[in-house]
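User: I have a model open and want to talk through some contacts. Can you take me through them, beginning with the charged pairs?

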Amino acid sequence: MEEVLFDTLTEKLSETFRKITGRGVLTESDVRQAMRQVRRALLEADVNFRVAKDFIDRVTEKAVGERVLKSIDPGSQVIKIVNDGIVDLLGTEPSPPDLSGTPPIVYLLVGLQGSGKTTTAARLAWWLQKNRGRRVMLAACDLQRPAAVDQLEKVARDADAGFYALRDTTDPVAVLGGALDEAKLRGYDLVIADTAGRLHVDDALMEELERVSGAADPRETLLVLDGLSGQDAVTVAEEFQKRIGFTGAVITKMDGDSRGGAALSFRAVTGKPIRFIGTGEKVDGLEAMDPRRLAGRILGMGDVVGLVERAQEAFDMDEAVKLEKKLVSNTFTLDDFARELGRIRKLGSLSDLLGMLPKGMRPQGVEVDESQFTRMSAIIGSMTMREKLHPEIINGSRRKRIAMGSGTSVSDVNRLLREFGTMKKMMKRVKAGRGTGLQGLFR
Ligand SMILES: Nc1nc2c(ncn2[C@@H]2O[C@H](COP(=O)(O)OP(=O)(O)O)[C@@H](O)[C@H]2O)c(=O)[nH]1
Ligand SMILES: [Mg+2]
């Protein structure tokens with residue numbers, strides 16, 4: 001999931017928005033132009049056609065006529081509206097699994113072959129043990145292949161979960177019944193049933209699942225969907241919904257090349273929440289789905305939205321305007337630099353901030369050592385005003401004096417002067433990258 005799902009959306013949007021900066025309101029034609037890009041990105045991500053259309057209609061309606069906020073550019077503002085739309089599409093708030101009822105309760109995992117049921121059983125056990133303190137047992141109800149039982153036994157061991165199988169039966173209902181008895185006896189809170197899948201939805205599979213479900217009265221029936229399968233996942237979900245129903249989904253393989261289409265379409269089509277996303281094959285590769293977080297990853301902009309919000313809080317406009325003038329006229333001094341360091345620290349750590357930037361904007365090879373901040377401030381504090389305004393006069397003997405005065409070394413002073421140069425360059429580049437959200441920081 002570190003991968004950007006909508007790789008080029010941010011780029012395309014920035015291009016579109018470069019043309020629409022500096023007006024009072026977002027006009028209909030501006031918004032429509034931007035939405036064409038968003039729509040293309042959605043379809044490229046293999047989002048269901050109807051879902052994409054509804055989404056675009058809703059977001060367009062919200063964005064047109066919206067007053068452009070003074071402190072951020074219209075591009076960032078539309079990105080935020082798109083982001084909020086995706087958050088809504090994903091359900092707005094996290095939708096945690098239902099753990100109510102007298103233990104042991106049953107979770108049923110259903111889905112096609114290869115979607116990730118068996119690994120999800122183990123990952124979910126791990127998650128529930130770690131985050132909810134539940135004792136979990138896995139029940140081997142996939143009796144299609146003997147190897148399936150062995151696979152579950154192995155992953156149960158990996159997850160430190162209980163395991164139950166009956167090796168001489170072909171009836172999954174008998175297995176689940178046995179598992180429940182055992183779970184009661186040994187004080188388990190929860191039994192997760194791993195079931196058989198097929199390559200396609202077929203009657204035999206559905207009948208088997210209906211029987212298991214009818215016998216166990218599961219608290220949750222979780223449909224496990226392959227995140228790589230895009231719109232196909234939606235078709236599968238509709239068929240399962242018609243036949244046996246489910247309480248939510250687990251979308252797996254979101255760590256790979258998933259473009260997000262399955263995740264974005266699921267809730268709009270089925271009305272059910274995505275409870276978890278799979279982000280790796282190992283036991284810790286499952287995350288509770290958080291719409292805000294997932295939307296950020298899908299838009300591929302890091303947390304630009306959060307950054308814009310925090311920027312608005314931390315920077316007052318007058319200062320920002322003054323700073324921009326200085327940047328433009330190239331009169332940004334070490335004194336300004338010291339003040340900016342203070343302000344950046346107010347926003348959070350510099351490495352956090354860099355991590356929030358979209359991939360393409362992250363400066364390459366910049367290592368951030370937070371203790372440097374303190375040293376930098378001390379060094380600048382030991383300079384004369386003339387030195388701060390004209391760093392080019394800081395020769396060898398001045399460097400020595402400044403190092404002494406700030407309790408640092410000459411090489412620290414050298415580094416600061418070098419980094420000041422880099423910072424000036426960086427800010428110029430940020431300023432040049434309109435429509436990315438970040439320039440809200442420095443306008
Ligand atoms: N990278 C990655 N691989 C996954 C994920 N979930 C499942 N897999 C892999 O997908 C394959 C099928 O998973 P499995 O649990 O056996 O599917 P089942 O047939 O539904 O039980 C296995 O190779 C898993 O390791 C995931 O979230 N990320
Ligand atoms: Mg399996």
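Analyst: Glutamate 182 and arginine 186 form a salt bridge through their side chains, at 2.7 Å from N to O. A salt bridge here is a side-chain nitrogen of Lys or Arg within 4 Å of a carboxyl oxygen of Asp or Glu.

User: What should I know about the source and the numbering?

Analyst: This is a predicted model, where local features need pLDDT of at least 70, side-chain atom pairs count only at pLDDT 80 or more, and totals for chains, interfaces and linings use all residues. Residues are numbered from 1 along each chain as its sequence is written, chains are lettered from A and ligands numbered from 1 in the order in which they are written, and side-chain values use heavy atoms, with hydrogens and water left out.

User: Back to glutamate 182 and arginine 186: how accessible are they?

Analyst: Glutamate 182 is partly exposed at 24% relative accessible area, and arginine 186 is partly exposed at 42%. Buried means under 20%, exposed over 50%, and partly exposed in between, with a 1.4 Å probe and protein chains only.

User: How many salt bridges are there in the whole structure?

Analyst: The search finds 20. One of them joins arginine 398 and glutamate 387, at 2.9 Å from N to O. Arginine 398 lies in helix α18 (residues 396–406) and glutamate 387 in helix α17 (residues 385–389), so this pair ties together parts 11 residues apart in sequence. Helices are DSSP runs (H or I, at least four residues), numbered from the N terminus.

User: Is glutamate 387 buried or exposed?

Analyst: Glutamate 387 is buried, with a relative accessible area of 0%.

User: Different topic. What surrounds ligand 1?

Analyst: There are 17 residues around ligand 1, and the closest are Gly114, Lys117, Thr118, Thr119 and Glu281. A residue counts as near if one of its heavy atoms lies within 4 Å. The shell divides into 1 nonpolar, 11 polar and 5 charged residues. Nonpolar covers Ala, Val, Leu, Ile, Met, Phe, Trp, Tyr, Cys and Pro, charged covers Asp, Glu, Lys and Arg, and polar covers the others, Gly among them.

User: Which helix gives the largest share of that shell?

Analyst: Helix α5 (residues 117–132), with 4 residues.

User: And which backbone atoms lie by the oxygen atoms of ligand 1?

Analyst: A polar backbone atom of lysine 117 is 2.7 Å from an oxygen atom of ligand 1. For a backbone N or O atom of lysine 253 the distance to a ligand 1 oxygen is 2.9 Å, and for one of serine 115 it is 3.3 Å.

Methods: A polar contact is a pair of N or O atoms within 3.5 Å; within protein, one must be able to donate a hydrogen and the other to accept it, and residues adjacent in sequence count only if both atoms are side-chain atoms. Helices (H or I, at least four residues) and strands (E, at least two) are DSSP runs, numbered from the N terminus.
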